[in-house]
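Me: I would like to go through this model and ask what stands behind the terms used for it. Please set each value against its definition.

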Amino acid sequence: MGKHLPTAILASYLVLIKDGRVLLARRANTGYYDGHYSIPAGHVESGESFNRALIREVGEEIGIRLLLNDLVVSHVMHRKAEDGSERVEVFYNVSRWEGNIENMETEKCDDLSWFPLTTLPENTIPYVKHVVDCIRDQVFYSEYGW
(Lines give C-alpha, C1' and ligand atoms only; values in the text may rest on other atoms or scores of the structure.)
Protein backbone atom coordinates (compact mmCIF):
# COMPACT_ATOMS: atom_id res chain seq x y z
CA MET A 1 0.00 0.00 0.00
CA GLY A 2 1.42 3.39 -1.02
CA LYS A 3 1.83 6.35 1.23
CA HIS A 4 -0.55 9.27 0.98
CA LEU A 5 1.33 12.41 0.00
CA PRO A 6 -0.01 15.70 1.35
CA THR A 7 -1.17 18.55 -0.80
CA ALA A 8 0.01 21.76 0.84
CA ILE A 9 -1.25 25.28 0.28
CA LEU A 10 1.67 27.63 -0.38
CA ALA A 11 1.88 31.27 0.72
CA SER A 12 4.34 34.15 0.89
CA TYR A 13 4.37 36.80 3.63
CA LEU A 14 6.19 40.09 4.15
CA VAL A 15 7.34 40.83 7.70
CA LEU A 16 8.25 44.47 7.17
CA ILE A 17 10.35 45.70 10.08
CA LYS A 18 11.62 49.25 10.46
CA ASP A 19 13.06 50.92 13.57
CA GLY A 20 12.00 48.03 15.83
CA ARG A 21 8.43 48.11 14.56
CA VAL A 22 6.51 45.74 12.30
CA LEU A 23 3.82 46.67 9.77
CA LEU A 24 0.48 44.99 10.49
CA ALA A 25 -2.81 45.08 8.60
CA ARG A 26 -6.18 44.56 10.30
CA ARG A 27 -8.37 42.22 8.28
CA ALA A 28 -11.94 43.22 7.42
CA ASN A 29 -14.78 41.68 5.37
CA THR A 30 -12.78 38.57 4.43
CA GLY A 31 -14.47 35.90 6.55
CA TYR A 32 -11.10 34.88 7.99
CA TYR A 33 -9.90 36.45 11.25
CA ASP A 34 -11.70 39.72 10.54
CA GLY A 35 -10.78 42.30 13.18
CA HIS A 36 -7.38 40.69 13.71
CA TYR A 37 -3.97 41.93 12.61
CA SER A 38 -1.87 40.07 10.09
CA ILE A 39 0.95 40.88 7.70
CA PRO A 40 0.87 41.44 3.91
CA ALA A 41 0.59 38.00 2.32
CA GLY A 42 -0.95 35.87 -0.34
CA HIS A 43 -1.20 32.43 -1.83
CA VAL A 44 1.27 31.24 -4.40
CA GLU A 45 -0.63 30.74 -7.64
CA SER A 46 -0.09 27.84 -10.03
CA GLY A 47 3.15 28.30 -11.97
CA GLU A 48 4.35 31.07 -9.62
CA SER A 49 7.33 31.00 -7.24
CA PHE A 50 7.25 32.10 -3.60
CA ASN A 51 9.35 35.17 -4.56
CA ARG A 52 7.09 36.23 -7.42
CA ALA A 53 3.96 35.70 -5.31
CA LEU A 54 5.37 37.99 -2.63
CA ILE A 55 6.26 40.73 -5.10
CA ARG A 56 2.77 40.54 -6.67
CA GLU A 57 0.84 40.42 -3.39
CA VAL A 58 2.77 43.26 -1.75
CA GLY A 59 2.09 45.48 -4.75
CA GLU A 60 -1.61 44.62 -4.63
CA GLU A 61 -1.99 45.03 -0.88
CA ILE A 62 0.31 47.87 0.22
CA GLY A 63 1.35 49.49 -3.05
CA ILE A 64 5.12 49.10 -2.86
CA ARG A 65 7.47 47.52 -5.39
CA LEU A 66 9.98 44.95 -4.20
CA LEU A 67 13.00 43.89 -6.21
CA LEU A 68 13.87 40.20 -6.41
CA ASN A 69 17.47 40.77 -5.26
CA ASP A 70 16.25 42.56 -2.10
CA LEU A 71 14.15 39.65 -0.79
CA VAL A 72 15.52 37.88 2.28
CA VAL A 73 13.85 34.74 3.60
CA SER A 74 13.62 35.16 7.37
CA HIS A 75 11.38 32.24 8.36
CA VAL A 76 9.75 29.11 6.95
CA MET A 77 6.78 27.52 8.64
CA HIS A 78 4.96 24.24 8.10
CA ARG A 79 1.51 24.86 9.52
CA LYS A 80 -1.60 22.84 10.06
CA ALA A 81 -4.46 25.32 9.80
CA GLU A 82 -7.66 25.26 11.82
CA ASP A 83 -9.50 23.67 8.88
CA GLY A 84 -6.97 20.79 8.80
CA SER A 85 -5.22 21.96 5.63
CA GLU A 86 -1.44 21.78 5.49
CA ARG A 87 0.45 24.92 4.58
CA VAL A 88 4.02 25.77 3.74
CA GLU A 89 4.62 29.46 4.28
CA VAL A 90 7.69 31.53 3.53
CA PHE A 91 8.24 34.81 5.38
CA TYR A 92 10.45 37.54 4.00
CA ASN A 93 12.13 40.72 5.20
CA VAL A 94 13.35 43.57 3.00
CA SER A 95 15.40 46.60 3.91
CA ARG A 96 14.33 48.69 0.92
CA TRP A 97 11.41 49.11 -1.42
CA GLU A 98 10.08 51.51 -4.01
CA GLY A 99 6.97 53.63 -3.46
CA ASN A 100 4.92 54.64 -0.47
CA ILE A 101 3.18 52.19 1.81
CA GLU A 102 -0.58 52.58 1.64
CA ASN A 103 -3.66 50.45 2.08
CA MET A 104 -4.56 49.40 -1.47
CA GLU A 105 -7.33 47.00 -0.41
CA THR A 106 -9.59 49.06 1.83
CA GLU A 107 -12.39 46.53 1.31
CA LYS A 108 -10.23 43.83 2.99
CA CYS A 109 -8.16 45.90 5.43
CA ASP A 110 -9.39 48.67 7.75
CA ASP A 111 -6.08 49.58 9.41
CA LEU A 112 -2.43 49.54 8.37
CA SER A 113 -0.13 50.48 11.25
CA TRP A 114 3.35 49.97 12.71
CA PHE A 115 3.65 48.20 16.07
CA PRO A 116 6.64 47.50 18.34
CA LEU A 117 8.08 44.02 17.71
CA THR A 118 7.81 43.24 21.41
CA THR A 119 4.24 44.51 21.89
CA LEU A 120 1.93 43.24 19.18
CA PRO A 121 -1.79 43.93 19.53
CA GLU A 122 -3.75 41.28 21.46
CA ASN A 123 -5.88 40.75 18.35
CA THR A 124 -2.94 39.63 16.21
CA ILE A 125 -3.59 36.30 14.48
CA PRO A 126 -1.85 33.70 16.72
CA TYR A 127 0.37 32.13 14.05
CA VAL A 128 1.42 35.61 12.86
CA LYS A 129 2.48 36.51 16.40
CA HIS A 130 4.38 33.21 16.55
CA VAL A 131 6.26 34.05 13.35
CA VAL A 132 7.09 37.62 14.40
CA ASP A 133 8.46 36.23 17.68
CA CYS A 134 10.49 33.63 15.77
CA ILE A 135 11.97 36.25 13.45
CA ARG A 136 12.75 38.55 16.36
CA ASP A 137 14.54 35.63 18.07
CA GLN A 138 16.26 34.57 14.80
CA VAL A 139 14.51 31.19 14.58
CA PHE A 140 14.49 30.22 10.91
CA TYR A 141 12.04 27.28 10.86
CA SER A 142 8.97 26.34 12.87
CA GLU A 143 5.96 24.05 12.85
CA TYR A 144 2.63 25.36 14.07
CA GLY A 145 -0.78 23.84 14.74
CA TRP A 146 0.25 20.21 14.87
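**Terms and values**

Reply: Residues 24 or more positions apart account for 69% of the contacts in the chain with a separation of 6 or more, where contact means heavy atoms within 4.5 Å. This is a predicted model, in which local features need pLDDT of at least 70 and side-chain atom pairs count only at pLDDT 80 or more, while totals for chains, interfaces and linings use all residues. Residues are numbered from 1 along each chain as its sequence is written, and side-chain values use heavy atoms, with hydrogens and water left out.

Me: What makes Ala 53 buried or exposed?

Reply: Buried means under 20% relative accessible area, exposed over 50%, and partly exposed in between (1.4 Å probe, protein chains only). Ala 53 has a relative accessible area of 0%, so this residue is buried. Ala 53 lies in helix H1. Leaving aside neighbours within four places in sequence, Ala 53 is in contact with Ser 12, His 43, Val 44 and Glu 48.

Me: How do you know whether the span of H1 agrees with its 13 residues?

Reply: The expected span of a helix is 1.5 Å times one less than its number of residues. For H1 that should be 18 Å, and the end C-alpha atoms are 18 Å apart, so the two agree. Helices (H or I, at least four residues) and strands (E, at least two) are DSSP runs, numbered from the N terminus.

Me: Why do strand E5 and strand E9 stand at the edges?

Reply: Two strands pair if DSSP finds at least two bridges between them. The open sheet of 5 strands has the order E5-E1-E7-E6-E9, with mixed pairing. E5 (41-43) and E9 (141-144) each have a single partner strand, so one side of each is left without a neighbour in the sheet.

Me: What makes strand E6 and strand E7 a pair?

Reply: Pairing takes at least two bridges, and 8 bridges join E6 (residues 72-80) to E7 (residues 86-93). The two strands therefore count as paired, and they run antiparallel. In E7, Phe 91 is the bridge partner of His 75.
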